[in-house]
Structures are given as structure tokens and as C-alpha cells.
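Subject: The structure we talked about

Hi there,

Here is the structure I promised to pass on to you. Please open it alongside this email, and my notes follow just below.

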Amino acid sequence: MLTRRSLVLLGLVGLLAADDIRFASAEPPATNDPVAIVTAIYARAAKGKGDGGGGFVTGSKAAKAQYLSKSLIALWAKADAHTPKGDVGPIDFDPVTNSQEPDVASFKVNAEKLEADKALIAVTITGRNKPQRKPADQVIRYDFVRDGSAWKIDDIRGASDGEAWSIRAMLADSLKN
């Protein structure tokens with residue numbers, strides 16, 4: 001016959017066993033996962049007052065090598081080389097925050113497409129300052145590709161005042177001038 005004490009003890013043992021199984025099978029988020037990469041980018045961009053922006057993604061050769069695909073880095077280098085000395089390059093804003101003045105209070109990451117060799121990740125950002133931007137302007141999309149064994153950003157796309165933009169297209173267009 002089961003007593004209350006036995007029943008409670010049996011229940012506790014069951015809960016502990018289930019908890020151990022859950023922790024044993026849980027994997028930490030991979031840093032080489034497009035969703036984890038984008039989440040880390042926006043967690044950093046939203047720190048403090050949320051005005052640091054995403055310059056750390058594209059601000060140096062080392063940063064570009066860490067985050068961007070080889071083909072996007074090569075295109076960016078061509079576009080920079082094509083820019084007259086003293087002029088601002090073709091990317092004159094922060095594509096991570098889709099702004100001149102970064103403002104990230106919160107963000108939501110959504111994997112729109114995950115395949116073996118490419119992924120599309122959308123981020124919806126909300127700023128602290130008013131007025132709010134148009135809904136389309138709050139969504140930034142990241143096209144990822146496998147670059148060797150690592151996931152790398154191959155394009156960043158968004159909209160400004162409802163008008164679509166793409167980093168890759170802006171860089172390519174700058175070479176036509």
C-alpha cells in the first residue's frame with residue numbers, strides 16, 4: 001500500500017529524473033547558427049541606451065571577416081576602392097539598425113527560411129525614441145550563406161520610408177558610377 005509519504009517521494013524522484021533528462025538533452029545555442037548570430041548582434045546593439053548601433057558588424061576588416069561572406073566582403077572592398085578619396089562610401093548609414101542614429105530598445109528575431117546552405121532571418125526592432133518608424137522600416141532581413149563551415153551574412157535588406165534597400169545592391173550600384 002502506498003502512503004502519502006511514499007507517493008510524494010516517488011513523485012519527487014520522477015521530477016528530478018525528468019529534469020536531469022531535459023538538461024542532458026538541451027544543447028547550448030550554437031554560435032554558428034544564423035538565429036544565434038543575429039540575436040547576439042541585436043543584444044549588443046540594444047545594450048545600454050540602445051544607441052551603440054551595429055557598427056561593430058561592418059566597421060573594420062576584422063569585423064567584416066567575422067560576420068560577412070567572402071563575396072560580400074569582396075564587393076564591399078571594390079565599392080570602397082571605387083569611392084573617390086574624401087567621399088563617404090556607398091553605405092552611409094547603420095544597416096543593422098536601419099538608421100543614421102541607432103535606437104534599439106527591443107527586438108524580435110524570426111527565422112523565415114532555414115536550409116542546409118542558406119537562411120533568411122528577419123529582425124523587427126523597436127526604438128525608445130518617438131516617433132516610431134513605418135512598420136516596414138522596422139524589419140531588417142539577413143540573407144545567410146554557408147561560407148566554408150561557417151554561417152555568414154551575404155546581404156542585409158530593409159526599407160527606408162517604405163522604399164526597399166539592399167546592402168549588396170547598393171554596393172553593386174556604386175560601381176556603376
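At the start of helix H6, a side-chain oxygen of Ser166 comes to within 3.4 Å of the backbone nitrogen of Arg168. Do keep in mind that this is a predicted model. Further along H6, the buried residues are Ile167, Leu171 and Ser174. Looking down the axis of H6, you will find these buried residues within an arc of 65 degrees, so they line one face of the helix.

Next, the core. The largest nonpolar core has 28 residues, and those touching the most other members are Ile41, Tyr42, Tyr142, Phe144 and Ile167. At least two core residues come from each of helix H2 (34-45), helix H3 (55-58), helix H5 (70-82), strand E2 (118-126), strand E3 (139-147), strand E4 (150-160) and helix H6 (167-174).

Buried in H2 are Pro34, Ala36, Ile37, Val38, Ile41, Tyr42 and Ala45. Among the elements covering these buried residues of H2 are H3, helix H4 (61-67), E1, E2, E3 and E4.

Now for the rings. There are four aromatic pairs in the structure. Phe56 and Tyr67 make an edge-to-face pair, with 6.1 Å centre to centre and 70 degrees between the planes. This pair links distant parts of the chain, since Phe56 is in helix H3 and Tyr67 in helix H4, eleven residues apart. Phe56 counts as buried at 16% relative accessibility, and Tyr67 does too at 14%. The ring centres of Phe93 and Trp165 are 5.0 Å apart with the planes at 80 degrees, so this pair is also edge-to-face. Phe93 sits in the loop between H5 and E1 and Trp165 in strand E5, so the pair ties together parts that are 72 residues apart in sequence. Phe93 and Trp165 are both buried. Tyr42, Phe107 and Tyr142 form one aromatic cluster.

Finally, two residues that touch each other. Thr97 is in the loop between H5 and strand E1 (106-114), and counts as buried at 0% relative accessibility. What does the side chain of Thr97 make a polar contact with? The partner is the side chain of Asp94, at 2.8 Å. Not counting residues up to four places away in sequence, Thr97 touches Gly53, Gly54, Pro102, Val104, Ile125, Arg133 and Ile140.

Ile125, for its part, is in strand E2 and is buried, with a relative accessible area of 1%. Leaving aside neighbours within four places in sequence, the contacts of Ile125 are Tyr42, Thr97, Ser106, Phe107, Arg133, Gln138 and Ile140. The C-alpha atoms of Ile125 and Ser106 are 5.9 Å apart, although 19 residues separate the two along the chain.

How values were computed: Residues are numbered from 1 along each chain as its sequence is written. Side-chain values use heavy atoms; hydrogens and water are left out. A nonpolar core is a set of buried Ala, Val, Leu, Ile, Met, Phe, Trp, Tyr and Cys residues joined through side-chain atoms within 4.5 Å. Buried means under 20% relative accessible area, exposed over 50%, partly exposed in between (1.4 Å probe, protein chains only). Helices (H or I, at least four residues) and strands (E, at least two) are DSSP runs, numbered from the N terminus. The arc is that of the directions from the helix axis to the C-beta atoms. A polar contact is a pair of N or O atoms within 3.5 Å; within protein, one must be able to donate a hydrogen and the other to accept it, and residues adjacent in sequence count only if both atoms are side-chain atoms. Contact means heavy atoms within 4.5 Å. Rings of Phe, Tyr and Trp (its six-membered ring) pair if their centres lie within 6.5 Å; planes under 30 degrees apart count as stacked, over 60 as edge-to-face and the rest as tilted.
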